[in-house]
Amino acid sequence: MNVVDFDFNNRPNFARVSAGDEPVVSAPRPPALPDDALLDAYSKAVVHAAEEVGLSVVNIEVRRRDGQRQGSGSGFILTQDGFVLTNSHVVHEADRIEVVLADGRRPDAQVVGDDPDTDLAVVRVYAPQLRPARLGESTGVRVGQLAIAIGNPYGFQCTVTAGVVSALGRSFRANTGRLIDDIIQTDAALNPGNSGGPLVNSRGEVIGVNTAVILPAQGICFAIGIDTAKFVTGWLIKDGKIRRSHIGVGGQNVPLHRRVARHYQLPVHTGVLVISVTPGGAAARAGVSEGDVMIEFNGQPIPSIDALHKLLTGETIGAASQLTVLRGTEKLMIPITPGEAVG
């Protein structure tokens with residue numbers, strides 16, 4: 001049996017064999033490929049998006065009056081003059097905030113506006129040569145497309161996770177109890193400190209604002225659609241808050257009696273039972289009573305408390321409106337003028 005010695009450094013090796021055999025040459029190692037050639041289309045898309053948006057992502061540190069660290073999160077630059085978008089829960093009721101830019105600068109910063117009902121807030125930083133992120137549209141997002149979550153949790157450099165859009169049109173309840181609509185569900189991992197950072201597509205356009213993760217549900221993550229964020233941001237920059245109306249009632253979702261719904265030809269089979277009326281509020285002045293079941297507001301059905309919240313917008317503050325209720329088996333149309341919600 002012939003014995004051949006191989007050189008594991010891949011240098012040509014003429015092994016010694018018995019007389020009469022041909023020399024054996026080991027195969028040379030193929031030339032190394034550059035890293036760019038090894039990247040597939042998926043990797044290139046993630047790298048491109050990270051490079052496009054990374055310099056726009058900032059770290060936000062929240063501190064108490066005594067200087068103790070209260071929390072942290074991320075945000076991203078909206079405009080060249082220093083407006084930064086982040087989550088409300090990152091900066092809400094903060095005594096002092098510190099913003100660290102991607103290049104390490106720590107400019108002066110202050111909260112411009114905060115809306116806990118949509119978990120969005122705007123911070124202003126005072127620094128030159130800022131690079132704003134490019135905003136996309138959440139209406140063009142499709143289930144299954146690439147979604148890249150970017151954050152800056154520690155102020156050193158951005159962190160990147162990638163996945164796909166799992167679902168659209170989700171709703172998520174804010175800390176205030178109101179429902180946030182136009183939520184994007186994704187499986188891109190949301191690392192601690194990445195709340196408020198951008199969710200971007202393969203072109204590096206922001207399609208959402210990362211807001212929450214449900215750990216027991218195998219890491220399901222949620223982002224507020226950028227179309228919602230654009231609307232809220234405009235009002236926060238202008239007024240510092242989102243104006244909403246209220247009528248001063250506490251309610252509970254209840255089913256309507258089938259015969260009553262059929263008799264009045266109601267389009268829905270649930271309503272909102274009034275369980276409390278705020279003294280001096282709009283509902284109290286209008287004559288709404290505990291036990292009434294609210295079914296319509298300005299002709300729009302209100303099958304749930306969340307549906308009523310959607311109708312109580314800033315446009316109805318001080319505007320003559322009509323609330324339809326069921327009182328026993330009687331259907332009443334009550335004139336009402338909503339006031340401005342405070343909080």
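Which residues does Asp292 touch, not counting residues up to four places away in sequence? I began my notebook with this residue, and I note at the outset that the model I am reading is a predicted one.

**Entry on Asp292.** I looked up the contacts and found that Asp292 touches Val272, Leu273, Val274, Val325, Leu326 and Arg327, once residues up to four places away in sequence are set aside. I placed Asp292 in the loop between H6 and S16, and I recorded it as buried because its relative accessibility is 2%, where buried means under 20%. Its side chain reaches the backbone nitrogen of Ser289 at 2.9 Å. I then checked the charged partner and found that Asp292 forms a salt bridge with Arg327, with the closest N and O atoms 2.8 Å apart. This pair links distant parts of the chain, since Arg327 belongs to strand S18 (residues 321-327) and Asp292 to the loop between helix H6 (282-286) and strand S16 (293-297), 35 residues apart. Whereas Asp292 is buried, Arg327 counts as partly exposed at 32% relative accessibility.

**Entry on the other salt bridges.** I reminded myself that side chains of opposite charge can pair when their charged atoms come close. How many salt bridges does a search of the whole structure find? The search gave 16, and I followed some of them by hand. Glu98 forms one with Arg63, the closest N and O atoms being 3.5 Å apart; Glu98 sits in strand S4 (residues 96-100) and Arg63 in strand S1 (residues 57-63), so that distant parts of the chain, 35 residues apart, are linked by the pair. I noted Glu98 as partly exposed, at 23% relative accessibility.

Next I turned to Arg173, which forms a salt bridge with Asp306 at 3.1 Å between the closest N and O atoms. Because Arg173 lies in strand S8 (residues 159-173) and Asp306 in helix H7 (residues 305-311), the pair ties together parts that are 133 residues apart in sequence. Here Arg173 is partly exposed at 44% relative accessibility, while Asp306 counts as buried at 16%. I also wrote down that salt bridges with shared partners join Glu52, Arg134, Arg203 and Glu205 into one network.

**Entry on the cysteines.** I looked for disulfides and the count came to 0.

**Entry on the nonpolar cores.** Which residues have the most contacts inside the largest nonpolar core? I found them to be Phe76, Leu85, Leu120, Ile148 and Val200, in a core of 28 residues. Among the elements that each supply at least two residues of this core are helix H2 (41-53), strand S7 (146-151), strand S11 (206-214) and helix H4 (226-239). A second, separate core has 16 residues, including Ala282, Ala283, Ile302 and Ile334.

**Entry on Thr186.** Is Thr186 buried or exposed? I recorded Thr186 as buried because its relative accessibility is 3%, which is under 20%. Thr186 is found in strand S9 (residues 179-186), and its side chain reaches the backbone oxygen of Val164 at 2.9 Å.

Note on methods: Residues numbered from 1 in each chain as written. Predicted model: local features only at pLDDT ≥ 70, side-chain atom pairs only at ≥ 80, totals over all residues. Heavy atoms only, no water. Helix = DSSP H or I, 4+ residues; strand = E, 2+ residues; numbered from the N terminus. Buried < 20%, exposed > 50% of the residue type's maximum accessible area, 1.4 Å probe, protein only. Polar contact = N/O pair within 3.5 Å; in protein donor to acceptor, adjacent residues only side chain to side chain. Salt bridge = Lys/Arg side-chain N within 4 Å of Asp/Glu carboxyl O. Disulfide = S-S within 2.5 Å. Core = buried A, V, L, I, M, F, W, Y, C linked by side-chain atoms within 4.5 Å. Contact = heavy atoms within 4.5 Å.
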